[in-house]
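Trainee: I am new to this structure. Could you show me how to read its main features?

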Amino acid sequence: MWFLILLFLLAKPIKADDSSSLFTKYQQDYLYQYDLYQQSYADYTGKKQIFAKYGTITTQNEAFLAAKQAIIARNQVLKTYLVALRVMLNDYKTSDFTQTENIQTELTNWESWLDQQRAIVTAINNTKDLQTWVKVFQSKYIQIQRSIYTSLIQNEVNLRGLTLNQTQSLFQNIQNNPHIKPDSQQWIQSYSDKSNLASSAINNALLLTKKNQPTDRFLNFYPNAQTNLDQSRKYLTEITSDLKLIIIKFYQP
Amino acid sequence: MNQDLVYQNREMGELNPLAPTQSPSEPTSPTKKPADPKTKLLIILAIFITIIFIISFIFSLLKRTPTPTPANEQTAVPTLNILPTDIPNIAIPTEFRDQFDQIDRNNKTNVDFIPPQIDPNIGQ
């Protein structure tokens, strides 16, 4: 009895999975589905080539079934990727809660849409209907890509924004610390310049996600946004180094 | 007597009209000798080395001269590989260390999650 009580007291509560480890699990699931998709896709392209060569009803049927199978596998890959992406957004969500929440809702909607398509594709029994469905998918895929890249940018914007806030808080602590010599003031001035540059680079990246896109194709805004985010990261690293140097030089215990 | 005979013989020779006339000999340099082939080779080699030396000297001068950059040419955007010197946080007073640790972690974090490469035309 005493042993059981002791065990109860010593036992630690089971910690809930944090978002990072949850993301790792979903990422693994996505990678597994991606492998399955590659196998289905190889089967589909092979059967398509056989049909192109022989043109028989049998080979046509086999190619049709392989196409449906590959479509289902592809949609599953997209869905698992979107789930992992949605979970990943939790990491730095606090930096811009409302905007991140909106993006996560958008991703959930696409996950549901992809789930629905599974039943629709399974029910299709002729090539003409399948081709009509492919056109619908292609138009939706433009929007899905936009959601994906917006999410990726938002996630990094959140991280860099959070880091900028942390440097601002640290900067104020340094400024108000009685152990920091007053000579440091002239050095501290350079902080606001670099802070503004970092903030501007983050905003520029975010603005790219809000630009109007053509409806018939996807224009990838991610590389430009990434350049801005790399810039912001560079400024943040410089700010951190500057603050370290100020402390080392002017701190008097 | 003997001496007279010697002079006499000399004059006799010069007075002989059948003897071939001697043109006054041209002055020749006493040091002019055909050059030794080894010396020739050495001279050619020395000239060759001197020419190469001069050419290399000119090229090195040209290299040292900085080429003027056009005024409107943009400088390359520094990449993330060139980061400021990483100062170890151990040198930071303890009251600030946690904050710096957190910021450093964030600065080093990569949040890339490459989207899947899929074929949107399956079944077309």
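This is a predicted model: local features need pLDDT of at least 70, side-chain atom pairs count only at pLDDT 80 or more; totals for chains, interfaces and linings use all residues.

Trainee: Let us start with helices. At what angle do helix H2 and helix H3 of chain A pack?

Mentor: Look at the angle and the distance together. Helix H2 of chain A covers residues 19-54, and helix H3 of chain A covers residues 57-88. They pack at about 160°, and their axes are 7 Å apart. Angles over 145 degrees count as roughly antiparallel. So H2(A) is roughly antiparallel to H3(A). Their crossing is left-handed.

Trainee: Which classes of residue make up the contact of H2(A) with H3(A)?

Mentor: Sort the residues by class. There are 22 nonpolar, 9 polar and 6 charged residues in that contact.

Trainee: And how do H3(A) and H4(A) pack?

Mentor: The angle is about 165°, with the axes of H3(A) and H4(A) 9 Å apart. That angle makes H3(A) roughly antiparallel to H4(A). The crossing of H3(A) and H4(A) is left-handed.

Trainee: Which residues of H3(A) and H4(A) meet?

Mentor: Pick out a few in the view. From H3(A), they include Ile71(A), Leu78(A) and Leu82(A). From H4(A), they include Leu107(A), Trp110(A) and Leu114(A). By class, the contact of H3(A) with H4(A) has 10 nonpolar, 6 polar and 6 charged residues.

Trainee: Now salt bridges. How many are there over all chains?

Mentor: Look for a Lys or Arg side-chain nitrogen within 4 Å of a carboxyl oxygen of Asp or Glu. The whole structure has 10 salt bridges. One of them joins Lys79(A) and Asp115(A), with the closest N and O atoms 3.3 Å apart. Lys79(A) lies in helix H3 of chain A and Asp115(A) in helix H4, so this pair ties together parts 36 residues apart in sequence.

Trainee: What is the count of salt bridges between chain A and chain B?

Mentor: The count there is 1 salt bridge. Find the side chains of Lys244(A) and Asp104(B), which meet at 2.8 Å, N to O.

Trainee: How many residues does each chain bring to the contact?

Mentor: Count residues, then read the area. Chain A gives 57 residues and chain B gives 38. The two chains bury about 4200 Å² between them, with 63% of it on carbon and sulfur atoms.

Trainee: Which three residues of chain A supply more of its buried area than any other three?

Mentor: They are Leu170(A), Arg233(A) and Lys244(A), which supply 15% of the area that chain A buries against chain B.

Terms used
Residues are numbered from 1 along each chain as its sequence is written. Chains are lettered from A and ligands numbered from 1 in the order in which they are written. Side-chain values use heavy atoms; hydrogens and water are left out. Axes are lines fitted to C-alpha atoms, for helices over the stretch in contact, and angles run from 0 to 180 degrees between N-to-C directions. Helices (H or I, at least four residues) and strands (E, at least two) are DSSP runs, numbered from the N terminus. Angles under 35 degrees count as roughly parallel, over 145 as roughly antiparallel, 65 to 115 as roughly perpendicular and the rest as oblique. A crossing is left-handed if the near helix is turned anticlockwise from the far one by less than a right angle, and right-handed if clockwise. Ala, Val, Leu, Ile, Met, Phe, Trp, Tyr, Cys and Pro count as nonpolar, Asp, Glu, Lys and Arg as charged, and the others, Gly among them, as polar. Contact means heavy atoms within 4.5 Å. Buried area is the accessible area (1.4 Å probe) that two parts lose on being put together, summed over both.
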